[in-house]
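Please have a look at the sequence and the structure on the screen, and then I will walk you through them.

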Amino acid sequence: MKNLLQISLIISMIGCSSSKSLIEKEPYLYTIENLDGSQIKVKSHLTDSLNNEDYETLKNHLNDISDKAIDFDKKIIINFIDNDPSIQKKNFQVPWDIFYGNMENDLTKSGQSNHFWVINKRVKDLHYYHGNKINWIVDKNDLIRELFFRYDGLNGGFVIIKPNGSYFLKIGEYRKSEVITTHNDFK
């Protein structure tokens, strides 16, 4: 029965997970279990704005960790992975739809942006996260994690930042379509 309830919860979370929260008054909540066993609820969808100092620090950090020229007059999209997986099979790669096709091309079709695949420096198994085709950038100073993905146990998330520093943040698991739809809707 417990497994059935867990499966039902996962299905309902996936079904509820969409960029509709950009316009809804109450964003979805995500339950985080802390290392001490306590739980906290955090918003899984959040629209906010970086202050000037944090935004400049982020831009400098992205320039430092990336090897590509960044046009800060375009949106910044960061797909972020936070934790190492529990490997069940050798050479297994997660069947997550964000890794299929070409995310860069899909995002370019929907408007100009700078797209980054960023991973927490603690993650060791890049193969699991399709490291054979994704050029993961390590968040070596944990700046992106501290600004957006502060909680343990989230797996990661994505953030879309406009040139003025306002941003949409999705923490926890998500689908490729959410990134693309949110990119289109977040104007």
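Before anything else, one term: when I say that two residues touch or are in contact, I mean heavy atoms within 4.5 Å. What you see is a predicted model, in which local features need pLDDT of at least 70 and side-chain atom pairs count only at pLDDT 80 or more, while totals for chains, interfaces and linings use all residues. Residues are numbered from 1 along each chain as its sequence is written, and side-chain values use heavy atoms, with hydrogens and water left out.

Let me begin with the overall layout. The protein has 5 helices and 8 strands, where helices (H or I, at least four residues) and strands (E, at least two) are DSSP runs numbered from the N terminus. Along the sequence they follow the pattern α-β-β-β-α-β-α-β-β-α-β-β-α. Of the 187 residues, 43% count as buried; buried means under 20% relative accessible area, exposed means over 50%, and partly exposed lies in between, with a 1.4 Å probe and protein chains only. Among the contacts with a separation of 6 or more, 65% come from residues 24 or more positions apart.

Now to the sheet. Six strands form an open sheet with mixed pairing, in the order S3-S8-S7-S4-S5-S6, and two strands are said to pair if DSSP finds at least two bridges between them. At the edges are strand S3 (45-49) and strand S6 (137-139), each of which pairs on one side only. Neighbouring strands here are turned by 25° against each other on average, direction ignored; such axes are lines fitted to C-alpha atoms, for helices over the stretch in contact, and the angles run from 0 to 180 degrees between N-to-C directions. Strand S4 (residues 75-81) and strand S5 (residues 113-120) are a parallel pair with 7 bridges, and within that pair Ile-76 has Asn-114 of S5 as its bridge partner.

Which strands pair with S8 in the antiparallel sense? One is S3, joined to S8 by 5 bridges, with Ser-49 having Ser-166 of S8 as its bridge partner. Another is S7, which also runs antiparallel to S8 over 5 bridges, and there Ile-160 stands opposite Phe-168. S7 and S8 make a hairpin with 4 residues between them, and Gly-165 in the turn has a positive phi of about 95°.

Because 6 of its 6 residues are buried, S8 is largely enclosed by the rest of the structure. In a regular strand the side chains alternate between the two faces of the sheet. In S8, Ser-166, Phe-168 and Lys-170 point one way, and Tyr-167, Leu-169 and Ile-171 point the other way. Ser-166 itself has a relative accessible area of 13%, and beyond its neighbours up to four places away in sequence it touches Asp-48, Ser-49, Ile-160, Ile-161 and Phe-186.

What about the nonpolar interior? A nonpolar core is a set of buried Ala, Val, Leu, Ile, Met, Phe, Trp, Tyr and Cys residues joined through side-chain atoms within 4.5 Å. The largest one has 27 residues, and those with the most contacts inside it are Leu-58, Leu-62, Ile-78, Ile-144, Phe-148 and Ile-161. A second, separate core has 22 residues, including Ile-98, Ile-160, Phe-168 and Ile-180.

Is Arg-145 buried or exposed? Arg-145, which lies in helix H4, is buried, with a relative accessible area of 13%, and its side chain makes a polar contact of 2.7 Å with that of Asp-82. By a polar contact I mean a pair of N or O atoms within 3.5 Å; within protein, one must be able to donate a hydrogen and the other to accept it, and residues adjacent in sequence count only if both atoms are side-chain atoms. Lys-109, in helix H3 (residues 103-109), is exposed, with a relative accessible area of 71%.

Thank you, and I am happy to take questions.
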